[in-house]
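User: Hi! I'm new to this one and would like a friendly walk through it. Could you show it to me before we start?

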Amino acid sequence: MSPPTIDILTVFHDGRHLVEPYLESVRRIRTPTTLYLLDNASKDGTAEALGNRVAGLDSACHFFRSDRNDGFARGINLLARQGRGEYVFLVNPDAEVAPDCLDRLIERAEADPGIAICEARQQPTEHPKAYDPSTGETTWCSGAAALIRRTAFDEVGGFDDRIFFMYCEDVDLSWKLWLSGWKCVYVPEALVGHDTSQPRPRWRRRMENYYSFRNSLFLFHRFARKGDLSILLGFLLKRFMSRRYSLTGKALFTIAFADHIRYIPYLVTTRRKWGNRAHSWIRLTETSLSE
């Protein structure tokens, strides 16, 4: 039996310094793949750097440029529509994939046709969330390095790029997959270097705080169950009352809160499809709502 076909999908934005190490990492992957890259309106020469380098790759590569930054969710959806692989392998541009990482993810996915997503273990920092050590089943899978079965991805409509620009779209996708009868699993022996603890520019931190706050509210509106209101109240109290956040940060949260209100009618409508069922792996307590 022939091995499954794999499309690697990566979205870049102002990451010229990441181009060389990313391509070196991808080049070391032993499994045959087709590479799909998108530059999301970078202004630092990322597109030019990618264009100069992809021609020299051994594997097939398709490179796209967008004249505006449409974010991670829409960018991945666009790339996914270009390919035909049985699996899509989402890789962040700042991730360093171990040579055998993809092999291990494929092996796990092929062993169980009910698996939708296999998530690699990120080093040196990892998202703190529960998983079953015997099955690998977990509440949600990070999109930083994840192998996704295309049939499952297409079945739930991919990422919801109507409301997600960046952050929490992977949680939303995972929970839709669980509710559709698919499995989300964590594969700790599949390794990827991805250090989220490194210092970031102030504008980047503010963007992360804004979207993380707003999109966490989206998750609540779409998936909250009876008794979850205390989680939301605790989340809001920590953001607005704690000394951990500056006045500038709290002003940012206020803007994000006001912005999320316009999406509530859409969230209420989609909740009828996704949010009216309980599932043991859908846990608001394992998202930023509880941080």
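Analyst: Here it is, and please keep in mind that this is a predicted model. Let's start with the lining of the largest cavity: by class, it has seven nonpolar, three polar and one charged residues.

User: Which residues line the largest cavity?

Analyst: The lining is made up of Leu90, Ile117, Cys141, Ser142, Gly143, Ala146, Ile148, Phe159, Asp170, Leu173 and Ser174. Strand S7 (145-149) and helix H6 (169-179) are the elements that give two or more residues to this lining. H6 gives the most, with three residues.

User: What volume does the largest cavity have?

Analyst: About 40 Å³. The count of cavities of 30 Å³ or more comes to one.

User: Thanks! Switching to pockets: what's the volume of the second largest pocket?

Analyst: The second largest pocket has a volume of about 170 Å³.

User: And how many residues line the second largest pocket, and which lie nearest its centre?

Analyst: There are 15 lining residues, and Arg74, Asp161, Arg162, Phe164 and Phe165 lie nearest the centre. By class, the lining of this pocket divides into six nonpolar, one polar and eight charged residues. Helix H7 (residues 202-223) gives the most to the lining, with three residues.

User: Let's talk helices. Which residues of H1 are buried?

Analyst: In H1, the buried residues are Leu18, Val19, Tyr22, Leu23, Ser25 and Val26. Looking down the axis of H1, you find these buried residues within an arc of 155°, so they line one face of the helix. In general, an α-helix has 3.6 residues a turn, so residues three or four places apart point the same way.

User: What covers the buried residues of H1?

Analyst: The cover includes strand S1 (6-12), strand S2 (34-40), helix H2 (46-54), strand S4 (87-91) and strand S5 (96-97).

User: OK, and H2 itself: which of its residues are buried?

Analyst: Thr46, Ala47, Ala49, Leu50 and Val54 are the buried residues of H2. They cover an arc of only 160° around the axis, which puts them on the same side of H2. What covers them includes S1, H1, S2 and strand S3 (60-66).

User: One last thing: where is Arg104 found?

Analyst: Arg104 is in helix H4 (residues 101-111). With a relative accessible area of 34%, Arg104 is partly exposed.

User: What is Arg104 in contact with, leaving aside its neighbours within four places in sequence?

Analyst: Those contacts of Arg104 are Val187, Glu189 and Ala190. Arg104 and Val187 are 83 residues apart in sequence, and their C-alpha atoms are 7.8 Å apart in space.

Notes
Residues numbered from 1 in each chain as written. Predicted model: local features only at pLDDT ≥ 70, side-chain atom pairs only at ≥ 80, totals over all residues. Heavy atoms only, no water. Buried < 20%, exposed > 50% of the residue type's maximum accessible area, 1.4 Å probe, protein only. Helix = DSSP H or I, 4+ residues; strand = E, 2+ residues; numbered from the N terminus. Arc of directions from axis to C-beta. Contact = heavy atoms within 4.5 Å. 1 Å grid on protein atoms, 1.4 Å probe; cavity = no way out; pocket = protein on both sides within 12 Å on 5 of 7 lines; lining within 4 Å. Points joined across faces, edges and corners; volume = space filled by probe spheres on them. Nonpolar A, V, L, I, M, F, W, Y, C, P; charged D, E, K, R; others polar.
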